[in-house]
Amino acid sequence: QNLKLTHSPIKQEKTKKMPLAHTPYRPVPEVELLARRYVSVEEAISGLEASVSSSTPGGSASDAVPGTSLVNFKQIPDILQCLRKDWVGLAPSDRPQCFVEV
């Protein structure tokens, strides 16, 4: 039998392309910045300490963080130490305004 396959063109709406099989798909969340405020290094340190202690009530840091985030979470004590060592010792006039609360 001779079969002739035909198809009619389907009008496609403008959609996002699917990723290639070898390319990981990472959706981009829509985020809107509502406000920001510059903070001192002391405020940044205390805020970081507060967020770390509140995220691990009664457990260890590894209990609160899944997967690959654990490596980054384990770096927070070193980050706090660097902030105290390198930034707190600077005179306030020598500190750049680079810490921002969003």
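**View 1. Salt bridge between Arg-84 and Glu-49 in the predicted model.** The side chains of Arg-84 and Glu-49 meet in a salt bridge, with an N to O distance of 2.0 Å; the term denotes a side-chain nitrogen of Lys or Arg within 4 Å of a carboxyl oxygen of Asp or Glu. Arg-84 belongs to helix H4 (residues 76-87) and Glu-49 to helix H1 (residues 41-55), so the pair ties together parts that are 35 residues apart in sequence. Helices are DSSP runs of H or I with at least four residues, strands are runs of E with at least two, and both are numbered from the N terminus. Arg-84 is partly exposed at a relative accessible area of 41%, and Glu-49 is partly exposed at 33%. Buried stands for under 20% relative accessible area, exposed for over 50%, and partly exposed for values in between (1.4 Å probe, protein chains only).

The model is predicted: local features need pLDDT of at least 70, side-chain atom pairs count only at pLDDT 80 or more, and totals for chains, interfaces and linings use all residues. Residues are numbered from 1 along each chain as its sequence is written, and side-chain values use heavy atoms, with hydrogens and water left out.

**View 2. Salt-bridge network of Arg-37, Glu-43 and Glu-101.** Arg-37 forms a salt bridge with Glu-43, their closest N and O atoms being 3.3 Å apart. The side chain of Arg-37 also meets that of Glu-101 in a salt bridge (3.1 Å, N to O). Glu-101 lies in strand S2 (residues 100-101) and Arg-37 in strand S1, so this pair ties together parts that are 64 residues apart in sequence. Relative accessible areas are 38% for Arg-37, 35% for Glu-43 and 42% for Glu-101.

**View 3. Nonpolar surface patch of Leu-33, Tyr-38, Val-100 and Val-102.** Together these residues present about 420 Å² of accessible area, computed by the Shrake-Rupley method with a 1.4 Å probe, where for residues only the protein chains shown count as cover. Patches consist of residues with over 30% relative accessible area and no salt bridge; like charges are joined within 9 Å and nonpolar side chains (Val, Leu, Ile, Met, Phe, Trp, Tyr) within 5 Å. Tyr-38 lies in strand S1 (residues 37-38) and is partly exposed, with a relative accessible area of 44%.

**View 4. Cysteines Cys-82 and Cys-98.** Cys-82 is partly exposed at 42% relative accessible area, and Cys-98 is partly exposed at 41%. With a disulfide taken as a pair of cysteine sulfur atoms within 2.5 Å, the count comes to zero.
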